[in-house]
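Here is a friendly walk through the model shown below. Take a moment to look it over, and then we can go through it piece by piece.

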Amino acid sequence: MIEFRSVTKTYPDGTVAVADFDLVVPPHRTTVLVGSSGSGKTTLLRMINRMVEPTSGTIEIDGTSVLDRDPVQLRRSIGYVLQNGGLLPHQRVIDNVTTVLRLTGTPKRAARERALEVLDVVGLDRSLAERYPSQLSGGQQQRVGVARALAADPNILLMDEPFGAVDPIVRAELQTETLRLQQELNKTVVFVTHDVDEAFLLGDQVVILQEGAHVAQIGSPSEIIENPASEFVASFIGVERGTRALHTKRTDRGTVLVDTAGRTQGVLVEGTA
Ligand SMILES: Nc1ncnc2c1ncn2[C@@H]1O[C@H](COP(=O)(O)OP(=O)(O)OP(=O)(O)O)[C@@H](O)[C@H]1O
């Protein structure tokens with residue numbers, strides 16, 4: 001479990017990126033932080049592995065403050081996936097994936113074996129191991145980024161807009177893959193996105209943020225869609241418009257549900273869900 005208590009981050013220029021933030025991140029679940037640009041999502045994520053230090057407040061992992069942990073060791077024990085994969089361009093895929101393992105003293109042969117295993121886990125062919133990142137598609141690079149984060153088998157995986165730079169079709173593929181991986185691996189995942197559809201697809205718990213990391217609402221996707229806490233949330237998640245605003249339409253065969261663009265999204269089946 002990760003717990004934020006009264007966490008504030010003021011950058012040296014006076015920007016208050018996070019103001020008095022509290023959150024419990026349950027273990028073995030995916031928590032998604034979603035909000036518009038500048039709402040403090042990346043700052044929150046980076047305070048978990050101490051790439052950013054809080055100005056005040058505490059962040060605990062399983063009851064121990066991250067400030068009491070050695071920052072380098074802490075960072076190596078937590079998987080971190082960035083937009084664009086964050087791969088080292090002059091290193092082959094295999095070397096990118098074994099980075100943390102080598103830093104923590106895993107013998108070369110064992111590290112290589114583990115890296116190949118983890119390529120299997122993220123659905124990449126082992127033959128790609130010898131390539132350089134530039135010889136891979138954007139989606140493949142992203143998978144390598146996930147493989148690298150998983151190589152040392154961390155309990156916690158931080159993902160910062162990991163699919164922001166890929167086209168919508170690959171993005172959908174990677175989202176499905178993330179759901180599959182999560183079922184298989186059961187990590188505690190903290191995922192940052194500005195895409196509310198992605199948040200609802202991947203999140204067990206979704207945290208909607210406004211400026212200063214002010215929590216507009218926190219809940220499961222169903223709870224938020226069924227009962228938005230404010231006008232801001234309703235408008236942010238698009239319940240009045242877009243694909244979540246569904247209207248009924250009678251057809252010869254029954255009632256269907258249509259979005260505001262006139263596209264049929266499904267068939268109405270009577271009875272409780
Ligand atoms: N190193 C820094 N120095 C000063 N201000 C910063 C720094 N890093 C971030 N900020 C500011 O802190 C606020 C929150 O930034 P942060 O990157 O955490 O937001 P975000 O929600 O992740 O945004 P985005 O979706 O655009 O990545 C913004 O106003 C940003 O300009």
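Helices (H or I, at least four residues) and strands (E, at least two) are DSSP runs, numbered from the N terminus. The expected span of a helix is 1.5 Å times one less than its number of residues. This is a predicted model, in which local features need pLDDT of at least 70 and side-chain atom pairs count only at pLDDT 80 or more, while totals for chains, interfaces and linings use all residues. Residues are numbered from 1 along each chain as its sequence is written.

Let us start with helix α5, residues 138–150. Its 13 residues reach 19 Å from the first C-alpha to the last, close to the 18 Å expected at 1.5 Å a residue. Call a residue buried if 20 or more other C-beta atoms lie within 10 Å of its own, exposed if 12 or fewer, and partly exposed in between, with C-beta atoms placed from the backbone. Because 11 of its 13 residues are buried, α5 is largely enclosed by the rest of the structure. Among the elements covering those buried residues are α4 (108–121) and α6 (168–185); here a contact means C-beta atoms, placed from the backbone, within 7 Å.

Next comes an open sheet of four antiparallel strands, ordered β2-β1-β4-β5. Its edge strands, β2 (16–25) and β5 (64–65), each pair on one side only, where pairing requires at least two DSSP bridges between two strands. Between β4 (residues 56–61) and β5 there are two bridges, and E60 stands opposite S65 in β5.

Finally, find T193 in strand β8 (residues 188–193). T193 counts as buried because it has 23 C-beta neighbours inside 10 Å.

Terms used:
Two residues are in contact if their C-beta atoms, placed from the backbone, lie within 7 Å.
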